[in-house]
Amino acid sequence: MKEPPRQSKFHFPKITFGTIIDGYLVKKFIPPFFLTFFLCLLIILMQFLWKYVDDLVGKGLEWYLILELLFYASATFVSLALPLAVLLSSLMTFGNLGEKYEIVAMKSAGISVMRLMRPLAFIAILITAFSFWFSESVVPVANVKLRTLLYEIREQKPTLSISEGVFYDGLGDYTIRIGKKNRDNERIEDVLIYDHSKHQGNVTGTYAKRGTMTMTPDKKHFILTLYDGYFWDETRSEGGDNSSLPFFFAKFDQQYMRIDLSSFEMQKVDESFFKSSNKSMKMKELSRKLDTMAVYLDDLKGSLGRKYFDQSSFYQMAGVSNPDFQIKADVKPFPDLQTLPIDKRLQIMDMASMKIKGSIAQIQPSNDIFTIDQETMYLYEIEWHRKIVMPLACLLFFFIGAPLGTIIRKGGIGVPLVVTVVFFAFYFVISIIGEKMAKSGDLTVWIGMWLSTFILAPIGVFLTYKATNDSAVLSPDAYDNLFKKIKQFFHKKHENTATLS
């Protein structure tokens, strides 16, 4: 008898047509996404370099410091580059599928547009979750590192670069002018040096016909070896030994000068100084900061009101010394100014004006402090909402790019790039307007930060609806047919008019 076939321990998943389509769509989406992400990140990084180029040029920074700066800066731009990448890659993916009539073939097989969008929508949700985690965990740390490094670079002095015929005053108490430098950048001629350590002007100087300039291996000292020159000192001290001989002059054949360059080294800064910034906090820290600032502003507002607007303050400003004084309904509190002589009226008006100006002068400093603290609170609240709005923009742009690519049916990089720039510029402008209005207090912070989302979300719903219903709202062929019909209508109307005439 034959043995029955053995049952395999391993059960392979059944591969269906839908699973193959899902894998195919993911493979089409992933390469353009990473390509566009790094491209967008590079563009934003170039903008960052242009912004801080003045702080970087001439500092003689090591290559690893430049790379470290770019690394931290790129980490802070990830949340901005991800929505751009999602929008452009989804447009390219569905545009290519539409241009090659693959979407038509899938529809004919009974697969709807919503079913096609489902696997990539799941990918967009994962990207959204990653963006939120990154902005919550990595961006605050990167912001602290970036701000600390930028501060250190800004405070660093420019590198030692002495040009011919120019007085260079970057050596502390010394100012040096070199008439000529040889190609080796060490041998020099016609050297003039002023010593300003006594803070009396150009009273102490050294001149040499030739010399050499070098730096110690650790680059902490600048060595000048001067030949065939002279030294003079015009310093005159009150009551000193040289008061009768104010001018000192001496010749030399060779002289050494050693100048300390420790001030050119990059000074390390404590990172804790930048951890209280709104961009360097997590959402929990921002929430605690907002609660603390809200209590503080309420106390400040209450003390301001109690100080200047309570009953006793009103009586003092009105000139009533008795706090039990009450104004009766049938008695006028003040006489009619028209019944008083002109000099009395002017005196009363001057006193009232002086009291008002004095009250304003007392109130203004406290009001300015309250305004500044309130604007600072707005910044922390804006950053709290930004940590939600920017990741959510990834999902929002997917539901704009995917249906738009299905409708336009144009692949490649040209048309999707133009559409991406238009939509993202629209989103960015609205975001900037809302954020500025939120900072100034003209708009509630949450409305200002969510304004762009509120405006683009209906557009995404509209485009998704049109794509699932095979609408030709943005199809070039539909507009060509519409223009042809309009042209035929006016042509027939013209022929009818000509026939009647």
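Is Leu171 buried or exposed? Leu171 has a relative accessibility of 5%, and because buried means under 20%, Leu171 counts as buried. This residue belongs to strand E1, which covers residues 167-171. Phe222 is 51 residues from Leu171 along the chain, and the C-alpha atoms of the two are separated by 9.2 Å.

**The whole chain**

Next, show the whole protein as a cartoon. It has 13 helices and six strands. Of its 501 residues, 35% count as buried. Among contacts with a separation of 6 or more, 71% are between residues 24 or more positions apart.

**Colour by confidence**

Colour the model by pLDDT. The mean for the protein is 77, and 75% of the residues reach 70 or more. Select residues 113-137, helix H6: confidence is highest here, at a mean of 90. Then select residues 311-318, helix H9, where confidence is lowest, at a mean of 44.

Two stretches need caution. Over residues 10-15, pLDDT stays under 50, and the model has one contact beyond four places in sequence for them. Over residues 310-323, pLDDT also stays under 50, and the model has 12 such contacts for this stretch. Where pLDDT is low, the predicted coordinates should not be read in detail.

**The largest pocket**

Select Ile44, Thr76, Phe77, Leu80 and Phe428. Of the 48 residues that line the largest pocket, these lie nearest its centre. The pocket holds about 1,700 Å³ of space. Its lining consists of 28 nonpolar, 10 polar and 10 charged residues.

Which helices each supply at least two residues of this lining? They are H1 (17-51), H4 (78-99), H7 (139-155), H10 (342-408), H11 (414-440) and H12 (445-468). Show these in turn, and stop at H11, which gives the most to the lining, with 12 residues.

**Along H11**

Select residues 414-440, helix H11. Display the side chains next. The buried residues of H11 include Pro416, Val419, Phe423, Tyr427, Ile430 and Ala438. Glu435 and Ser431 are also buried in this helix.

Key. Residues are numbered from 1 along each chain as its sequence is written. This is a predicted model: local features need pLDDT of at least 70, side-chain atom pairs count only at pLDDT 80 or more; totals for chains, interfaces and linings use all residues. Side-chain values use heavy atoms; hydrogens and water are left out. On a 1 Å grid over the protein atoms alone, a cavity is a set of points where a 1.4 Å probe fits but cannot get out, and a pocket is an open set with protein on both sides within 12 Å along at least five of seven lines; lining residues have an atom within 4 Å of a point. Grid points are joined across faces, edges and corners, and a volume is the space filled by probe spheres set on the points. Helices (H or I, at least four residues) and strands (E, at least two) are DSSP runs, numbered from the N terminus. Ala, Val, Leu, Ile, Met, Phe, Trp, Tyr, Cys and Pro count as nonpolar, Asp, Glu, Lys and Arg as charged, and the others, Gly among them, as polar. pLDDT is the predictor's confidence in each residue, from 0 to 100. Contact means heavy atoms within 4.5 Å. Buried means under 20% relative accessible area, exposed over 50%, partly exposed in between (1.4 Å probe, protein chains only).
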